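Please look over the sequence and the structure before reading on.

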Amino acid sequence: MSNNSRSMQSALGRARGLGAAKADAVGHWSAQRITAVALVPLALWFVFAGVIGNIDSDHAAFRAWIAQPINATLMMLFIFTSFHHGALGMIVVLEDYVHAPAAKHITIMLAKMAAAAGGLFCAISVLTLALGG
Amino acid sequence: MSPSHDRPLSPHLQVYKLHTKIAPLLSIAHRLTGVALAFLGTLFLIYWLGAAAYGPEAFATAQAIFSSPLGILMLFGWTVVLFYHLANGVRHLVWDTGCQVSNEGVRRTAYMMMGSVLGLTVLAWVIGLIVAL
């Protein structure tokens with residue numbers, strides 16, 4: 001053992017956090033898959049019901065559509081799941097291609113903030129339409 | 001801790017003959033479509049829902065932009081990119097179960113994936129044109 005001051009630490013304890021992903025790689029991996037599975041029906045619903053179903057809609061028609069609880073619920077689920085999935089994907093891409101540690105951590109932080117802000121704005125917009133006076 | 005430069009950094013884009021092999025080309029296209037959706041797809045969603053929340057005039061402008069020739073071209077590109085990422089994402093989920101992980105499986109699922117992208121895109125635009133006209 002090379003480091004006597006850490007001899008009380010287990011082999012697992014020494015190895016943890018030293019991998020390429022540093023922390024919670026399994027959590028990231030499974031969250032990416034769970035959001036992917038959820039997005040299969042949600043994205044198809046968004047394209048065929050949300051976008052195509054509202055091709056000709058004026059403001060009143062779109063508002064009436066999104067004010068239906070099932071549509072508001074599915075739209076909120078689509079927003080949260082897609083922004084979460086997008087942030088997870090962008091983090092992987094940045095980890096792979098941005099090698100300088102400072103640039104990597106800053107761009108990953110910005111990707112998380114942008115996803116949170118964009119998702120929140122979309123959610124507030126849906127609530128304004130569905131619940132606003 | 002800075003990256004050690006005698007260790008390989010993944011994934012490599014320069015060392016493979018991407019232009020002569022279909023499998024790696026489809027693989028990197030999954031990332032490219034994912035990044036496009038995370039950047040541009042989310043901007044479409046933010047603009048569309050935001051315009052609806054800001055009122056009838058803003059929403060009428062948004063609907064007019066999306067139904068202009070340039071808007072239709074952008075939406076067409078968006079459907080192809082979205083259906084590609086969706087169908088190829090399902091392909092990845094199948095691989096995650098351990099199925100189709102072979103040269104033959106990669107080839108077979110590639111054809112199924114590209115057929116699905118074509119089918120979904122045609123379906124979306126045929127339904128869209130029927131609804132719009």
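## The model and its confidence

This is a predicted model, in which local features need pLDDT of at least 70, side-chain atom pairs count only at pLDDT 80 or more, and totals for chains, interfaces and linings use all residues. Residues are numbered from 1 along each chain as its sequence is written, while chains are lettered from A and ligands numbered from 1 in the order in which they are written.

The model has an ipTM of 0.88 and a pTM of 0.87. For chain B the average pLDDT is 91, and 86% of the residues score at least 70; pLDDT is the predictor's confidence in each residue, from 0 to 100.

## Annotated transmembrane regions

An unreviewed UniProt entry places the feature "transmembrane region" at residues 34-52, 72-94 and 106-131 of chain A. For chain B, UniProt (unreviewed entry) places this feature at residues 34-54, 66-87 and 110-132. UniProt positions are given in the numbering used here, feature names are shortened, and annotations may be inferred rather than shown by experiment.

In chain A, residues 34-52 are 95% helix and 0% strand, with end C-alpha atoms 26 Å apart. Residues 106-131 of chain A are 100% helix and 0% strand, and their end C-alpha atoms lie 37 Å apart. In chain B, residues 34-54 are 100% helix and 0% strand, with 29 Å between the end C-alpha atoms. Helices (H or I, at least four residues) and strands (E, at least two) are DSSP runs, numbered from the N terminus.

## A helix pair in chain A

Helix 4 (residues 69-97) and helix 5 (residues 101-131) of chain A pack at an angle of about 170°, with their axes 9 Å apart. Helix 4 of chain A is therefore roughly antiparallel to helix 5 of chain A. Axes are lines fitted to C-alpha atoms, for helices over the stretch in contact, and angles run from 0 to 180 degrees between N-to-C directions. Angles under 35 degrees count as roughly parallel, over 145 as roughly antiparallel, 65 to 115 as roughly perpendicular and the rest as oblique.

The residues of this contact comprise 17 nonpolar, four polar and three charged. Ala, Val, Leu, Ile, Met, Phe, Trp, Tyr, Cys and Pro count as nonpolar, Asp, Glu, Lys and Arg as charged, and the others, Gly among them, as polar.

## The contact between the chains

Chain B contributes 33 residues to the contact and chain A contributes 28 residues. Two residues are in contact if their C-beta atoms, placed from the backbone, lie within 7 Å. On the side of chain B that touches chain A, helix 1 of chain B gives the most, with 12 residues. By class, that side of chain B has 22 nonpolar, nine polar and two charged residues.
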